[in-house]
Amino acid sequence: METVGIGIIGLGMRGLQTLGRTIATLEHETGFRVTAINDRNPERMVEARELLAQMFASKGIEADPRLYRDGEALIAAPEVDLVLITSITDSHRQYAVPALRSGKKVYCDKPLAQNAEDAVTIVEAEAAARKRR
């Protein structure tokens, strides 16, 4: 099975404990592996890398996600195929639009955006990305 590299932007409860744990649990079935992480709190990134490594190790899988100090660098990273955005809602547009424009798959947590204008911008970027495929 081909590995799908996932980059997580935002390492709070939803991004790390809920989705990160699920990704590790289902890796053998999906091929999904967390390959990169970003959070505005550098200490949280280090803790998250250790926790993710433990989660994957418990399934017999070696994982050592790279730390990115900014989300844009994570989006551009070659080891990332899918960008999982679980940062604070008012930053979703900031990350979703460039990730979609880059051609990568994107999962943006709910709510999609802080306001209607941001939501429309994200939806338009997704529609444009779909046309390019």
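**Exercise 1. Count the helices and strands, then give their order along the chain.**

Solution. The chain has 6 helices and 5 strands. Helices (H or I, at least four residues) and strands (E, at least two) are DSSP runs, numbered from the N terminus. Along the sequence the pattern reads β-α-α-β-α-β-α-β-α-β-α. The model is predicted: local features need pLDDT of at least 70, side-chain atom pairs count only at pLDDT 80 or more, and totals for chains, interfaces and linings use all residues. Residues are numbered from 1 along each chain as its sequence is written, and side-chain values use heavy atoms, with hydrogens and water left out.

**Exercise 2. Compare the radius of gyration with the value for a compact globule.**

Solution. Start from 133 residues. The globule rule is 2.2 Å times the number of residues to the power 0.38, and the radius is taken over C-alpha atoms. A compact globule would come out near 14 Å; the chain has 14 Å, so the two agree. Along the principal axes, the C-alpha atoms fill a box of roughly 45 × 30 × 20 Å.

**Exercise 3. Describe how H1 and H3 cross, and what makes the contact.**

Solution. Take the axes of H1 (residues 13-25) and H3 (residues 42-57). They come within 9 Å and cross at roughly 35°. Axes are lines fitted to C-alpha atoms, for helices over the stretch in contact, with angles from 0 to 180 degrees between N-to-C directions. Next, list the contact (heavy atoms within 4.5 Å). H1 gives Leu16, Gln17, Gly20, Arg21, Ile23 and Ala24; H3 gives Ala48, Leu51, Leu52, Met55 and Phe56. Last, sort them: 8 nonpolar, 2 polar and 1 charged. Ala, Val, Leu, Ile, Met, Phe, Trp, Tyr, Cys and Pro count as nonpolar, Asp, Glu, Lys and Arg as charged, and the others, Gly among them, as polar.

**Exercise 4. Locate Pro111 and classify the peptide bond from Lys110.**

Solution. Pro111 sits in the loop between strand E5 (105-108) and helix H6 (116-132). The bond from Lys110 to Pro111 has omega near -15° and is cis.
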